[in-house]
Amino acid sequence: MPSPSYILALDQGTTSSRAILFDHAGLPVASCQREFAQHFPQPGWVEHDPRDIWNSQLACAREAIAQAGVKPASIAAIGIANQRETTILWDRATGEPVANAIVWQDRRTAGACDRLRDAGRAAMIAERTGLELDAYFSATKLQWLLGHVPGARARADNGGLAFGTVDSWLVYKLCGRHVTDASNAARTMLFNIHSLRWDDALLALFDIPRGLLPEVVPSAGIVGVAAEQWFGQAIPIAGIAGDQQAATFGQACHRKGLVKNTYGTGCFMLMHAGHKPPQSQARLLSTVGWQIGGATDYLLEGSVFMGGATVQWLRDGLGIIRQSSDVEALATSVPDSGGVMLVPAFTGLGAPHWDPYARGTILGMTRGTTAAHIARAAVEAIAYQSAELLAAMQLDAACEVTEMRADGGAARNDLLMQFQADLLGIPVVRPRVTETTALGVAYLAGLACGFWASLEAIEHQWQVERRYEPAMPPERRAELLGRWARAVNHARAWATPE
């Protein structure tokens with residue numbers, strides 16, 4: 001019987017679910033993507049129906065297999081990458097969610113975080129978790145669900161409910177196990193990144209019953225078998241990682257000092273920090289990258305909440321483009337932004353500011369400002385936010401970064417990539433395979449089942465498609481970054497805690 005020829009990667013994102021089949025060369029042979037509904041019940045609230053997440057992901061996986069025309073027996077394993085921090089609570093007996101998922105972008109628990117900060121808890125949380133005390137993470141979202149879903153607290157105390165991030169939910173639906181990997185556990189604000197265990201002091205602080213929590217498993221390792229009913233044959237689930245850790249792995253950033261930036265719904269810059277948790281002085285995050293064979297790799301991370309979502313706002317909120325891919329043509333129809341600065345703080349600002357009350361701001365408009373200028377300012381805003389992250393990261397790591405590896409949907413935008421290189425003053429490199437989130441978790445699953453032999457074999461497959469060299473004079477770069485800093489100050493001054 002021939003050996004399996006493919007790995008199936010499930011890439012469950014914030015606005016869509018994707019499935020990609022990869023071959024031994026690490027190249028995609030079939031893919032499918034489906035958007036699903038976003039729910040905004042109140043200002044600052046963002047929710048998903050967990051059933052939409054599951055149904056869209058399952059449909060994508062089946063369609064990718066059908067599109068490739070392969071038999072399920074030719075698939076060696078499944079890897080799962082997921083939007084992180086998004087919080088799901090479900091009934092153990094029925095497998096049904098008890099409420100909508102609270103998405104990572106949701107800001108409803110900002111006040112709870114403020115109260116913890118005022119009580120002097122931020123330092124303890126940061127020391128144990130490597131995270132900033134913020135509504136971004138899962139702990140206060142889960143606490144909110146237990147306090148606001150009727151009967152949830154009592155059912156949780158009695159062992160009737162299960163909590164999980166999206167990886168846990170998908171594994172549970174596929175094979176019935178309640179697990180997560182360390183990369184996702186590290187994003188809950190309940191996991192100690194030094195001991196690599198759920199932390200009793202944090203569980204007590206947030207009043208979370210331990211019985212709600214999934215078992216923490218390695219990022220590369222067989223954790224279960226997807227039931228035959230889903231794909232016509234049982235397939236091992238052998239890799240799990242949060243989407244940004246998976247993308248870092250897929251970018252072959254396996255050595256200390258290598259940096260990648262993913263341009264997706266948000267933007268996420270991660271630097272390999274070695275095998276000990278790094279300590280940030282610039283309000284960046286220290287987080288688990290992945291666990292393989294008993295070894296833990298750590299990352300330094302900065303997060304931008306509104307990356308590609310800013311372009312979606314141009315499409316859905318302003319209606320100045322019909323589809324997201326139209327933005328580059330509109331933005332390049334003018335030579336620059338005409339002095340317009342857009343700070344897309346629609347859900348607050350992430351690193352290095354961590355200001356949940358900042359609000360979206362457009363500055364510098366005149367009677368001559370057009371939709372094209374606003375579109376260009378929106379694209380440039382993605383690069384400005386990422387430039388802030390790299391500056392903070394280099395200070396924290398005390399090292400000089402010589403290139404940045406870019407991936408994600410917006411990495412296909414040549415205007416954005418060139419402007420990013422200009423702002424950073426270093427080359428931006430786009431790999432041959434830009435779906436590095438899916439590729440990374442495929443690599444993790446493939447390592448676990450012997451589909452790929454080693455990290456060296458994976459690194460050998462990584463190839464550059466295009467390299468963007470910086471062309472902006474240093475004085476112009478400094479001028480623009482100074483203007484951006486002033487615009488951010490306006491966005492942060494606009495709103496204050498209620």
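Let me start with Arg 376, which is found in helix 13, residues 371-397. Helices here are DSSP runs of H or I with at least four residues, strands are runs of E with at least two, and both are numbered from the N terminus. Arg 376 is buried, at a relative accessible area of 11%. Buried means under 20% relative accessible area, exposed means over 50%, and partly exposed is in between, with a 1.4 Å probe and protein chains only. Leaving aside residues up to four places away in sequence, Arg 376 touches Ala 331, Thr 332, Val 334, Pro 335, Asp 336, Ser 337 and Leu 415. Contact means heavy atoms within 4.5 Å.

A word on the source. This is a predicted model, in which local features need pLDDT of at least 70 and side-chain atom pairs count only at pLDDT 80 or more, while totals for chains, interfaces and linings use all residues. Residues are numbered from 1 along each chain as its sequence is written, and side-chain values use heavy atoms, with hydrogens and water left out.

Now the whole protein. It has 17 helices and 23 strands. Its radius of gyration is 22 Å, close to the 23 Å that the globule rule gives for 498 residues, so the protein is as compact as a globular protein of that length. That radius is taken over C-alpha atoms, and the rule is 2.2 Å times the number of residues to the power 0.38. The C-alpha trace spans about 65 × 55 × 45 Å along its principal axes. Of the 498 residues, 60% count as buried. If we take contacts between residues at least 6 apart in sequence, 73% of them join residues at least 24 apart.

Next, helix 6. How many of its residues are buried? The count is 8 of 10, and the helix is mostly covered. The buried ones are Val 166, Asp 167, Ser 168, Trp 169, Leu 170, Val 171, Tyr 172 and Leu 174. Cys 175 also lies in helix 6, but counts as partly exposed, at 24% relative accessibility. Its contacts, not counting residues up to four places away in sequence, are Gly 224, Val 225, Ala 226 and Ile 237. Cys 175 and Glu 228 are 53 residues apart in sequence, and 9.5 Å apart in space from C-alpha to C-alpha. After helix 6 comes Gly 176, with a positive phi near 90 degrees.

Helix 6 also packs with another helix. Two packed helices are described by the angle between their axes and the distance between the axes. The axes of helix 1, residues 50-68, and helix 6, residues 166-175, come within 11 Å and cross at roughly 60 degrees. Axes are lines fitted to C-alpha atoms, for helices over the stretch in contact, with angles from 0 to 180 degrees between N-to-C directions. From helix 1 the contact uses Pro 50, Arg 51, Ile 53, Trp 54 and Gln 57, and from helix 6 it uses Val 166, Trp 169, Leu 170, Lys 173 and Leu 174.

Helix 4, residues 138-148, has 8 of its 11 residues buried, so it is largely enclosed by the rest of the structure. Among the buried residues are Lys 141 and Trp 144. The buried residues of helix 4 pack against several elements, including helix 2 (110-118), helix 5 (152-157) and helix 8 (200-206).

Last, the loops. Most residues other than glycine have a negative phi, and most peptide bonds are trans. Ala 252 has a positive phi of about 60 degrees although it is not a glycine. Ala 252 sits in the loop between helix 10 (243-250) and strand 15 (259-263), and is buried at 6% relative accessible area.

The loop between strand 19 (341-343) and strand 20 (361-363) holds Pro 352. A cis peptide bond joins Ala 351 and Pro 352, with omega about -5 degrees. Trp 354 is found in the loop between strand 19 and strand 20, and its phi is positive, near 50 degrees.

Finally, Gly 307 lies in the loop between strand 18 (295-304) and helix 11 (308-318). Is Gly 307 buried or exposed? Gly 307 is buried, at a relative accessible area of 0%.
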